[in-house]
Amino acid sequence: MLLKPSLPKIRWQYWIKPWQQVDWLLFFLPVAASMFGGLMILSTELKQPVTDWWWHWLVAGIGSLIALFLARCRYENLMQWHWITYALTNFSLVIVMVAGTSAKGAQRWISIGSFNVQPSEFAKIGVIITLAALLHRRTASTLESVFRILAITAVPWGLIFLQPDLATSLVFGSIVLGMLYWANANPGWLILMISPVVSAILFSISWPLSEPIVLIKELSLSPLGLFWAGAMGILGWQTLPWKRFNMGAIASFSLNMLGGELGLFAWNHVLKEYQKDRLSVFINPEHDPLGAGYHLIQSRIAIGAGEVWGWGLFKGPMTQLNFVPEQHTDFIFSAVGEEFGFVGCLIVLFVFCLICFRILHVAQSAKDNFGSLLAIGVLSMIVFQLIVNVGMTVGLAPVAGIPLPWMSYGRSAMLTNFIALGIVESVANFRQRPKYY
């Protein structure tokens with residue numbers, strides 16, 4: 001009996017070999033989310049076009065090819081170029097401040113022909129690569145290492161904050177916290193890092209049960225802020241190594257008090273009016289229903305109108321009549337809720353949960369700390385953007401201008417997400433191969 005030639009099988013294995021260990025589920029889920037996002041963008045612009053919706057699919061296709069290319073390149077090479085990556089990241093952020101294009105009170109884009117590039121999006125990748133290389137060589141188990149990471153991150157973070165782009169600067173914070181935690185930083189230190197931000201909020205917002213206590217002119221203390229600063233003082237006493245004279249407790253308490261007063265100063269002198277409005281309407285959107293609260297109110301109405309099964313594709317009245325502003329970008333999830341209902345929202349969230357779990361699996365199975373940290377940096381970026389974007393569409397988070405990964409319209413954001421996906425796939429592709437006996 002003659003055996004069939006195995007040449008076709010050999011050829012197939014030859015072509016697939018560079019991607020043998022790629023996590024194909026992790027690759028196809030974002031591609032599917034991008035295709036579905038394109039449909040939702042088309043639905044929001046069916047009767048009143050704002051952009052060329054097909055750009056979303058085109059950029060997603062280009063991003064997919066870039067991700068496949070990066071997946072077959074060894075991610076370890078990024079470690080050798082991390083300082084150059086860091087320098088290029090900061091250089092691009094300086095260029096956008098000097099020669100960038102302004103829109104809606106912010107200068108965030110560089111115009112290249114008809115294509116507007118947003119360097120702050122690509123800066124996320126640059127920071128992830130830089131921090132992964134540094135934490136690979138020295139873990140975050142000491143305060144010296146943590147302060148070093150914070151100092152290095154402060155430069156691009158400050159440049160982005162000055163654009164001003166508060167939303168992207170918050171994404172940077174989530175990336176740093178996630179990577180420090182994965183690099184063995186004390187969880188108490190991470191809480192102390194974000195505690196001044198909480199103090200700034202508690203001192204700046206007038207709570208019904210927390211009227212400020214005026215001590216002297218221009219200095220007011222919130223009871224909730226004082227309670228929080230005291231709790232952080234206790235945490236600093238327990239976790240910081242400065243035990244002599246209770247310096248850890250004193251430093252933590254003082255830092256939170258300073259954060260509270262700086263929060264008041266920022267609210268009165270630093271934040272733009274639209275940024276104040278976004279934070280204010282989160283607490284009470286009905287305070288300005290036709291102004292700053294309009295986005296949030298219309299988004300919640302659209303999602304509620306979808307009920308369980310939704311109106312169907314291209315049939316949502318709020319979406320088709322363009323009642324939700326910026327629905328093709330930051331509020332794309334409201335279109336999903338109206339046209340596909342509660343079930344559609346659950347399916348979308350389930351897809352994103354699968355993506356996050358697959359990235360976490362890649363981080364756990366990576367062959368070295370550098371690859372693991374790269375995956376965790378990408379995971380931190382995706383999770384934070386997902387939580388904030390979905391939260392702001394349903395009224396659980398302030399309107400921060402953070403897009404939904406792979407679904408919101410935004411060419412720079414789309415390419416950034418696929419570049420990040422390609423790096424994670426490279427980590428998966430070059431991990432230790434399983435041995436079969």
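Where in H7 does the kink of about 35° lie? It sits at Ala154, shortly before the proline Pro156. Keep in mind that this is a predicted model. With that said, here's the rest of the picture, by topic.

**The chain as a whole**
- The protein chain has 437 residues, and 49% of them count as buried.

**Helix H7**
- H7 covers residues 143-161, which makes 19 residues.
- From first C-alpha to last, H7 reaches 25 Å, close to the 27 Å expected at 1.5 Å a residue.
- Pro156, the proline that comes shortly after the kink at Ala154, is one of the buried residues of H7.
- Other buried residues of H7 include Leu143, Val146, Ile149, Ile152 and Thr153.
- Towards the end of the helix, the buried set also includes Gly158, Leu159 and Ile160.

**The second largest pocket**
- This pocket has a volume of about 220 Å³.
- Two elements give two or more residues to its lining: helix H5 (82-99) and helix H6 (119-137).
- H6 gives the most to the lining, with six residues.
- Among the lining residues are Thr85, Leu88, Ser92, Pro119, Phe122 and Ile129.
- The lining also includes Ile110 and Val117.

Note on methods:
Residues numbered from 1 in each chain as written. Predicted model: local features only at pLDDT ≥ 70, side-chain atom pairs only at ≥ 80, totals over all residues. Heavy atoms only, no water. Buried < 20%, exposed > 50% of the residue type's maximum accessible area, 1.4 Å probe, protein only. Helix = DSSP H or I, 4+ residues; strand = E, 2+ residues; numbered from the N terminus. Expected span 1.5 Å × (residues − 1). Bend = angle between axes of the 7 residues up to and from the residue. 1 Å grid on protein atoms, 1.4 Å probe; cavity = no way out; pocket = protein on both sides within 12 Å on 5 of 7 lines; lining within 4 Å. Points joined across faces, edges and corners; volume = space filled by probe spheres on them.
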